[in-house]
Every structure is written in structure tokens, then in C-alpha cells.
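User: I would like to go through the labels assigned to this model and the criterion behind each one. Please set the values against the cut-offs.

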Amino acid sequence: MGVGYQGMSELMQMPVTRLFPSPQRDFPLEGLYLDHDLYSKGHTGKPFVYSNFITSLDGRIAIASEARATHVVPTATTNPRDWRLYQELAGQADLLVTSGRYFRQSLLGEAQDELPLGSRQAFDDIREWRSARGLAQQPDIAIMSSSLKIPLATLDPYRARRIYVVTGEEADPGRVATLQDNGIVVIRAGSGIKVNGRRMLDELARHGYRSIYAIAGPAVFHTLLQSRIVDRLYLTITQQILGGDSYDTLSRGELLEPARGMRLIGLCHDPHAPIDAGQLLAIFEPHNHTTGSRASPAPQDIP
Ligand SMILES: NC(=O)c1ccc[n+]([C@@H]2O[C@H](COP(=O)([O-])OP(=O)(O)OC[C@H]3O[C@@H](n4cnc5c(N)ncnc54)[C@H](OP(=O)(O)O)[C@@H]3O)[C@@H](O)[C@H]2O)c1
């Protein structure tokens with residue numbers, strides 16, 4: 001990565017340009033999202049729920065790959081600048097929501113990376129940010145799953161964190177017992193085997209969580225949208241068109257009716273990655289999130 005750059009640290013120091021809200025202005029990439037202090041937006045009893053995706057212009061968040069059994073995030077779109085922002089968002093969470101799929105992918109060696117926060121030195125400042133606010137070293141983990149096919153060994157790297165599995169009331173009792181026998185707290189939050197987003201959120205609020213970062217894929221995001229519990233979406237749009245005919249987009253599930261309108265609250269342009277393309281860093285909130293008619297954010301509200 002980085003033709004024309006002397007190295008990774010130089011690449012990471014290149015600024016992004018805020019396009020919205022006006023006035024247009026350059027900002028350092030590092031700290032761009034950490035400044036949003038999402039932990040302080042949640043309250044006991046009402047956690048702040050946010051999600052994040054990286055997508056191509058033609059809407060691909062994951063594609064089929066010949067050598068892999070599962071869909072994977074396209075290597076064309078992944079880049080260290082977006083990855084840094086992903087880590088900054090995780091740094092502000094006291095809980096991550098992921099899926100059974102992630103752990104099955106990780107058993108196959110096909111998961112994108114370890115669950116955040118990443119252990120790299122480059123993220124030391126994010127760890128410091130957490131400890132300055134009294135947050136645990138790492139966010140806890142909630143795994144959404146109907147099948148409960150979660151390979152136990154893949155949880156071992158995360159045993160220092162609290163791990164929950166969230167499932168429906170009719171989930172397989174034998175699998176529930178196995179998880180519980182292995183120290184996992186199982187939360188039932190839905191009739192049948194599917195999780196209802198609102199019920200899950202109420203349960204997680206009862207456990208005291210304040211900032212919940214959904215890092216799973218389209219089925220989990222759809223579940224959260226359906227229950228109208230998403231407070232904010234961070235969307236990196238790489239200026240690339242990938243094509244292909246087997247891919248995932250942001251959301252998968254029955255039609256959302258009415259369509260969930262999203263209000264743009266921030267937009268930056270990052271011309272430095274992916275190379276030969278660039279990316280837009282967009283931030284959305286549900287349209288009816290506050291009063292439904294709030295004016296555009298003031299420049300000081302969002303960097
Ligand atoms: N580009 C990006 O930013 C980005 C972000 C995230 C993911 N991805 C990629 O997207 C691809 C596709 O992910 P995916 O199709 O596997 O979707 P997903 O939504 O991440 O995971 C689907 C799994 O989540 C569980 N689940 C979802 N909704 C549920 C509900 N309401 N109740 C109970 N369980 C529920 C189920 O687990 P069980 O099967 O265990 O029941 C289901 O199989 C992956 O390759 C991933 O790497 C890309």
C-alpha cells in the first residue's frame with residue numbers, strides 16, 4: 001500500500017477533508033471518530049447503538065472468493081485508514097455485537113481479523129483513551145445466533161472479556177446448556193429462534209451497557225434496523241466499483257417498510273486510501289431519531 005508514501009506512518013498522517021457540515025476543513029485522520037465520545041452518548045438503561053461498514057460504490061461489503069468457503073470483505077476495499085477508524089469506534093464501546101457466523105469463519109481461518117480492540121501498538125492511544133474514561137481494556141462481546149453453532153475453542157482468545165450469546169426462546173436446549181456449562185451467559189431475546197433487536201437491547205441495558213457497537217454483517221444489521229434501535233451508522237464508501245455476482249450488501253432480510261430514512265450528519269473525503277480511488281467517510285442517523293425535523297448539524301457538533 002502507499003505508492004508515493006514513505007511508509008505507513010506517513011500514510012496515516014495524511015488528513016481527511018470534511019465536506020459536511022460546512023465549512024470545508026482538513027482534519028487529522030487519527031482521532032477523527034474518537035472525538036465523538038460515543039460512550040458518553042449512552043446512559044444506563046438507554047445504550048447508544050452504532051454500526052459501521054465499508055462498502056464499494058456498487059454496494060459490496062463482502063464478496064465470494066474462490067479460495068474461501070465464506071464471503072469475505074474484498075481486499076480491494078480494505079485499507080489501514082478505514083481500519084484505524086474501525087478501531088476508534090470499537091475503542092468507544094463497552095460491548096461489541098457480533099454473530100455466530102464470525103466464530104465459524106474464524107475456525108476456518110477466514111475471519112477478517114481478531115475482534116477489536118486490535119493488539120497492535122498503533123492502537124495504544126485508543127487503549128489509553130479507554131482507560132482514561134474508566135472503561136475495561138477490551139469491550140465485552142455479545143454473539144447473536146439462532147443456530148448456536150459456535151465453536152467453543154474460538155472463544156478462548158476472548159475469555160478475559162464477558163461473553164454473552166443472544167438467541168431466541170426456542171433455541172436448541174442442548175446447545176444452550178453446553179454454552180452455559182462453558183461459562184457463557186445465554187440471553188433469550190426473541191420468540192422462536194430469532195433474536196428481536198429491541199428485546200436484546202433491553203436485556204443488554206439491564207446488564208449496564210452504555211455504548212454498543214454492532215460489527216456483524218447484514219443479517220444482524222437488519223435485525224437492529226427492524227427494531228429501530230440503531231442510533232448511528234458510520235459508512236465508509238470506497239470510490240471503487242467491484243462488479244461480481246455473489247456478494248453481500250449492508251442489510252439482508254425482509255423488506256423494511258417503511259424504508260429506514262437516514263439523515264446525513266457528517267461527510268469527509270479521504271483521497272489517500274484505497275490507493276487510486278479514495279473513500280468517503282459518511283455518518284448517518286435515523287431520520288426520526290430526535291425530533292424528526294432537526295436542522296443540519298452545526299460544524300462544532302461533528303468533526
Ligand atoms: N464490509 C464490512 O464492513 C463488513 C462488516 C461486517 C461483516 N462483513 C462481512 O459480511 C459477510 C456476511 O456476513 P453474514 O451474511 O454472515 O451476516 P451476519 O449478519 O454477520 O451474520 C449472520 C449470522 O448472525 C446471526 N443472526 C443474524 N440475525 C439474527 C437474529 N435476528 N437472530 C439470531 N441470530 C441472528 C446468525 O447466526 P447463526 O448462523 O449462528 O444462527 C446468522 O447466521 C461476512 O463475510 C463478513 O465478513 C462485512
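Analyst: Helix 3 is followed by Gly109, whose phi is positive, near 75 degrees. The model is predicted, so local features need pLDDT of at least 70 and side-chain atom pairs pLDDT 80 or more, whereas totals for chains, interfaces and linings use all residues. Residues are numbered from 1 along each chain as its sequence is written, and side-chain values use heavy atoms, without hydrogens and water.

User: Which residues of helix 3 are buried, and what covers them?

Analyst: Helix 3, residues 100-107, has Gly100, Tyr102, Phe103 and Gln105 buried. Their cover includes strand 5 (95-99) and strand 6 (140-144). Helices (H or I, at least four residues) and strands (E, at least two) are DSSP runs, numbered from the N terminus.

User: What makes Arg232 count as buried?

Analyst: Buried means under 20% relative accessible area, exposed over 50% and partly exposed in between, with a 1.4 Å probe and protein chains only. Arg232 has a relative accessibility of 4% and therefore counts as buried. Arg232 is found in strand 10, residues 232-238. Its C-alpha atom is separated by 31 Å from that of Leu179, 53 residues apart along the chain.

User: How do you know whether Ala69 is buried or exposed, and which class does Asp124 fall into?

Analyst: The relative accessibility of Ala69 is 67%, so Ala69 counts as exposed. Ala69 is found in the loop between strand 4 (62-63) and helix 2. From Ala69 to Ser119 the separation is 50 residues in sequence and 27 Å in space, C-alpha to C-alpha. Asp124, in helix 4, has a relative accessible area of 30% and is therefore partly exposed. Asp124 and Val73 are 51 residues apart in sequence, with 25 Å between their C-alpha atoms.

User: Why are helix 2 and helix 4 called roughly parallel?

Analyst: Helix 2 (residues 80-91) and helix 4 (residues 124-132) pack at an angle of about 15 degrees, with axes 9 Å apart. Angles under 35 degrees count as roughly parallel, over 145 as roughly antiparallel, 65 to 115 as roughly perpendicular and the rest as oblique. Helix 2 and helix 4 are therefore roughly parallel to each other.

User: Which residues make that contact, and how do they divide by type?

Analyst: Helix 2 contributes Arg84, Gln87, Glu88, Ala90 and Gly91, and helix 4 contributes Asp125, Ile126, Trp129 and Arg130; contact means heavy atoms within 4.5 Å. These residues divide into 3 nonpolar, 2 polar and 4 charged. Ala, Val, Leu, Ile, Met, Phe, Trp, Tyr, Cys and Pro count as nonpolar, Asp, Glu, Lys and Arg as charged, and the others, Gly among them, as polar.

User: How many aromatic pairs does the structure hold, and what makes the pair of Phe48 and Tyr50 tilted?

Analyst: There are 10 aromatic pairs. Rings of Phe, Tyr and Trp (its six-membered ring) pair if their centres lie within 6.5 Å; planes under 30 degrees apart count as stacked, over 60 as edge-to-face and the rest as tilted. The centres of Phe48 and Tyr50 are 6.2 Å apart and their planes stand at 40 degrees, so the pair is tilted. Phe48, at 6% relative accessible area, is buried, and Tyr50, at 0%, counts as buried.

User: What are the values for Trp83 and Tyr86, and which rings form a cluster?

Analyst: Trp83 and Tyr86 are 4.5 Å apart centre to centre, with 25 degrees between the planes, and the pair is stacked. Both lie in helix 2, 3 residues apart, about one turn of the helix. Trp83 and Tyr86 are also buried. Ring pairs link Tyr33, Phe48, Tyr50, Trp83, Tyr86, Tyr213 and Tyr234 into a cluster.

Methods:
Axes are lines fitted to C-alpha atoms, for helices over the stretch in contact, and angles run from 0 to 180 degrees between N-to-C directions.
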